Amino acid sequence: MRSHKDLDVWKMAVKLAGRAYEITENYPRTEKYGITSQIRRAAVSISANIAEGAARQSKKEFIQYLSIAMGSASEVDTLIEISLEIKMGNRKDLLELQANNIQISKMLGGLIRSLKGKMTNG
């Protein structure tokens, strides 16, 4: 089985997490344990779940972890929307982060479909 480090979606998710840290660095200190912490944790969770799933023994388990990663990507999207709604953070940066997050979600969906197809066909 391939390493998670060979997966483009994992590479993109790691970059997304790093960018989420950069963008939230300028959030108010009062949000340190609020939205700042939540968006960072959710962004980190995407790549972490991809890695953990790739290390599992079965495709079924991998799919389960990829589904969790998709949930974290949805959480990131919601936290970005909230940030935009309350005008917290740089709008341009947040929209760029959101676009990258959407791309990751699409890639995760494609990977899940591919793995499910391999389970039924092989």
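## Second largest pocket

The second largest pocket of this predicted model has a volume of about 160 Å³. A pocket here is an open set of points on a 1 Å grid over the protein atoms alone, where a 1.4 Å probe fits, with protein on both sides within 12 Å along at least five of seven lines. Its volume is the space filled by probe spheres set on the points.

The lining, meaning residues with an atom within 4 Å of a point, consists of T24, E25, Y27, P28, R29, K32, T36 and R40. By class, two of these residues are nonpolar, two polar and four charged. Ala, Val, Leu, Ile, Met, Phe, Trp, Tyr, Cys and Pro count as nonpolar, Asp, Glu, Lys and Arg as charged, and the others as polar.

## Basis of the model

Residues are numbered from 1 along each chain as its sequence is written. The model is predicted, with local features needing pLDDT of at least 70 and side-chain atom pairs pLDDT 80 or more, while totals for chains, interfaces and linings use all residues; side-chain values use heavy atoms, without hydrogens and water.

## Overall fold

The chain has four helices and zero strands, in the order α-α-α-α along the sequence. Helices are DSSP runs of H or I with at least four residues, strands runs of E with at least two, numbered from the N terminus. The radius of gyration, taken over C-alpha atoms, is 15 Å, close to the 14 Å that the globule rule gives for 122 residues, so the chain is as compact as a globular protein of that length. That rule is 2.2 Å times the number of residues to the power 0.38. Along its principal axes, the C-alpha trace spans about 50 × 20 × 20 Å.

## Helix packing

The axes of helix 1 (residues 8-24) and helix 2 come within 9 Å and cross at roughly 165°. Axes are lines fitted to C-alpha atoms over the stretch in contact, and angles run from 0 to 180 degrees between N-to-C directions. Helix 1 is therefore roughly antiparallel to helix 2, a term for angles over 145 degrees.

Helix 2 (residues 35-54) and helix 3 (residues 59-85) have axes that come within 8 Å and cross at roughly 160°. The residues of this contact divide into 17 nonpolar, six polar and three charged.

Technical notes: Angles under 35 degrees count as roughly parallel, over 145 as roughly antiparallel, 65 to 115 as roughly perpendicular and the rest as oblique.
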